[in-house]
Each structure stands twice: as C-alpha cells, then as structure tokens.
Amino acid sequence: MALLAQAAPVLETTLVQIAKALVIFAFIFAVVPLLTVLERKLIGRFQSRLGPNRVGPRGIMQPLADALKLVSKEQSAPVTAVPWMMALAPVIIVGSAVATLAIVPFGPQGAWGGDLGLYGIDVPIALLYFFAFGSLAFYAFMLGGWASGSKYSFLGAMRSAAQLISYEVAIGLSLLGVAMTAGSLSLVDIVEAQGSGDGEFGMWFIIPQFVGFLIFMVAGFAEIARAPFDLPEGDAEIVGGYNTEFGGMRFGSFLLAEYIEIISLSGVATACFLGGWHGPGPEALAPLWVLLKIFAFILVFIWIRATLPRLRYDQLMSLGWKVLLPLATLNVLITAILLVVI
Amino acid sequence: MSDTPYALSEDAIAVQRGPEPGGLGGAYRTFGATLRGLRTTLGRLAEKPPTIQYPEEKTPVYPRFRGRHKLHKFEDSDLEKCVGCSLCVAACPAECIRVVAAENTPDNQVSAGERYAAVYEINMTRCIFCGYCEVACPFDAITMGNDYEMADYERSDLIFTKEMLLAEPVERTPLRREGE
C-alpha cells in the first residue's frame, strides 16, 4: 500500500501522458479523412471543377469509400520482394509521422487548469526530434522501394532519398535562425519567446525570420513530398516510385502518413513562426488558435498543390543546393550577427 | 527599337519580352509567375464551377437539333401520315431505313393514302442523323425529334420499329428557349 502511494504521482503523470497521446492520436485520425476530402473538393474548385460529390451529401463520405476500397484490396508483392520489409515500411512512415505530432504545442502549461500542458511532450530538443523523425520517414521510402524487389521502385526510392537529403539541410538551417532568436530548441519555449512576456511586446518570428519562414515552407514542401516537389510519387509521369509495388492499405498508409506529416509540419511552422497558441482572448482558447493557424497552413498546402506544376528533377536539385542552401546559410549568419550586435 | 542595325519600317511592332533567366530579372520572372499562378487559381475558387451534372442535369438542345426520329399521325383521324412510298429509304445515305408497304383495305385503314407502311424500321446503330429522310418525305410523316439518349446494351434493341417511332419519347429532352 505504501509502495502504491509512493508510486501514485508517477502513475498519475503516466496516465495523463497516455490520455494525451490517445487524444492527439484520435483527433488526428478523425481529421485526416476530412482533410483528404477537403483537399479533393478544394482542388476541384481551384480548377473550376466540383470535386467528389457522389458519396454522401456533397461527397463528404468519400474518404469512407476510399478507405473501404483500400482495405478490401489484396496485398500483393512481387516474387523478388522481401515481404516482412514491405510490411515494415508503412509502419515506419506512419509511426514517424505520428511521433512528430507529439511535440506540436497546442497550448501552454495550465491553460486548462492544473499543470496540464496542452502538448504531447515538451522535449528540450524538439527541433532535433522533429528532424530525426523527419529523417526516419525516408527510411520508409528507401525500405519500401528496396524491399519491393523491383528496379523501378528502387530507382524511385533513390530519387526520393536524394531529394529528401538535399532539402533536409535547408530545412534544418531555416529553423536555426528561430532557435537562435528564441535561445531554445524546445517548441514550447519558442512559442513562449514569441508572446508578450513581462510587458514586452511579443513578435511572431515570421517578421524577423521572414526569409527563414520562406525557406522553411519551400523545403518543408519538399520534405513531405508535396506538390510541386512530389517527385517521390510523380503519379503522372514517373509511375509512382517507391510505392509502385504497394497495394491496399499499405499503399493507403503512405497516403495517411503524408496527411499526418502535413498537419505536423503545419504545427511546427505554427509554433516556430506564427506564434503558436498566442492570440486574442483568454488563455483557454489557445488550442483553437493553434488549430486555426494549422488550418490556414493546410489551405496554403492545398492551394499550392492546385497551382504549381511539378518541378523537373534537375530544377529540384539546383533549387535545393544553389538557392535554398546558400540563402539559409546567409540567413543564419545575418541572424547570428544581429543577435550579437543588438 | 533604335538599336537595330537596319532601318525599321513604320509598321514594325515593338515586342515586349520578359526578363531573361538568371539574376534579379530571373528571380522576378520565377516568383512573379508563381504569384500570378496562385492568383489565377484563387480566382477560380471564388467562381462557381461551370460543371453540368449530366445525368441529373441536361444541356438544353436547340429546337432544330436532329435527334431520334418521330413518325406522325393525323391528329383528327388518328391515321398514320406515312403512306409507305419508301422515298426516305431512297434518300437515306446510311441505308438504315426499311419500309415494307401494304394496301389499305376499308376494314383496315391504317394510313390516309392507298397504301401504308406495314414495316417501318430505322436501324439507329447506322443512322447518321442527317435529316434527309425528313426532307424527302412528301407527307411530313417522319421528322427528326430532339432526343439523343439512345444508348442500349444490345444492337438488336437499337432497331427502332414503327410502334417505337410513333410513340412519344419516355423522357423529354430540354429545349433551349428563344434566343438562348
């Protein structure tokens, strides 16, 4: 009994952690299907079409039909494939995408009473964590492409890896400016640094770090392989890529992960550049502001996808190495100099 | 235009060129085009899509649209106008009409003339909807209607018999109003 009482605080925090994880997980999995239908409807409207409108009222049940189709499909693999690795790749990509969500802060500690922090975890190295899981995601691309045992899948995987590695550098440097200004790698601290603290006027980092923001957005599009950087998929001209041999829900997992990555990237961008939970109104409204900002980012993602054509491979590489990388380095240098001088 | 080595005639047109690739001009070209593209798609978002949801919603046709044929009867006596003269058969470039004529008798008066069409078939898989049959007919017995939804699963179902051609179409095709 005494042992239990001793363990109670630890047990309680553990339970709170589990509850938080479940809430975030459930929320995301409720939002992702809506996101897919929103994207298809919006792209339709952007292109003067109606978009899906057959399943349910105004096509709102379309994701249900899509999921049913994917789930009921056969899991096939070429004879040369490594089946267990093919099964592993979707797990890795969904796992890494969900793990990134844990660090997205939805509100400060104690916004909803107690010392409950409205975030999955507040890691002191949140940005590194973000990059680490971002990098893990492209192991799934590599593994999926290689384990398929098809040379086209393998070529697609190599193409994806080259792209992701190129843009990893730029996205890392773009957030360095934010980390230096805030003096912390923790997303919660970064958001706090953008608020109006002790009578101090808070400024969202999008203003001092505007170049960093643009680089982060462009490189972020490339990181999660969204249009116009969706060469890993290249559904129109280069036949899929790493996911060519995948079918059914395994293929669906890659799609699912893409949408979760959109949310998590938007969440990190919100925290780093748009002041996270800061907004007018009482502190309890914090998650609302975060969600609104994330939603705005998602709309931009969809808008860009509906507008810009896919880059050619050499254009992709030269943009990454010749434009974004020098620009990001310059941005970090100037930020560092300004921080020392001021 | 003065930097050309030769004299320009008076009707020379000044061509406006965009900035060359590379440098500041190139950056403007790239980002300017991107932003213009984004504005274009955003403009579409504000509009209503021009989609006509076909099976539920139909595009109205013009009154002179040549669709499925109709055979006509006299409205007063209910006798068929067709007298089985086979002029439409002669006029048909696709040879899709078949007429077999028979004599009217006092106790079986089908048409207003001496003879009537015992068989009147149009093979819709062959018909090119040229309307020559309508022009050739001396009694206005056959005219082109407005219906165009005639898809079917069997070729034999597309040979329209006299009864089918005499009957009103099941569903009416919307007509354009005057001046539409």
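Strand β3 (residues 115-123) of chain B is joined to β5(B) by 2 bridges, and the two run antiparallel. Helices (H or I, at least four residues) and strands (E, at least two) are DSSP runs, numbered from the N terminus. This is a predicted model: local features need pLDDT of at least 70, side-chain atom pairs count only at pLDDT 80 or more, and totals for chains, interfaces and linings use all residues. Residues are numbered from 1 along each chain as its sequence is written, while chains are lettered from A and ligands numbered from 1 in the order in which they are written.

**Sheet in chain B**
- B:Ile122 has B:Phe160 of β5(B) as its bridge partner.
- The open sheet has 3 strands in the order β2-β3-β5 (chain B), with antiparallel pairing (two strands pair if DSSP finds at least two bridges between them).
- β2 (97-103) and β5 (159-160) of chain B are at the edges with a single partner strand each, so one side of each has no neighbour in the sheet.

**Helix α9 of chain A**
- α9 (residues 286-307) of chain A has 22 residues and should span 32 Å at 1.5 Å a residue, which agrees with the 32 Å between its end C-alpha atoms (the expected span is 1.5 Å times one less than the number of residues).
- Buried residues of α9(A) include A:Trp289, A:Phe297 and A:Phe301 (buried: 20 or more other C-beta atoms within 10 Å of the residue's own, with C-beta atoms placed from the backbone).

**Contact between the chains**
- Chain A gives 10 residues to the contact and chain B gives 11 residues (in contact: C-beta atoms, placed from the backbone, within 7 Å).
- On the side of chain A that touches chain B, α1 (2-46) and α9 of chain A are the elements that give two or more residues.
- The largest share of that side of chain A, 3 residues, comes from α9(A).

Notes: Buried ≥ 20, exposed ≤ 12 C-beta atoms within 10 Å, placed from the backbone. Contact = placed C-beta atoms within 7 Å.
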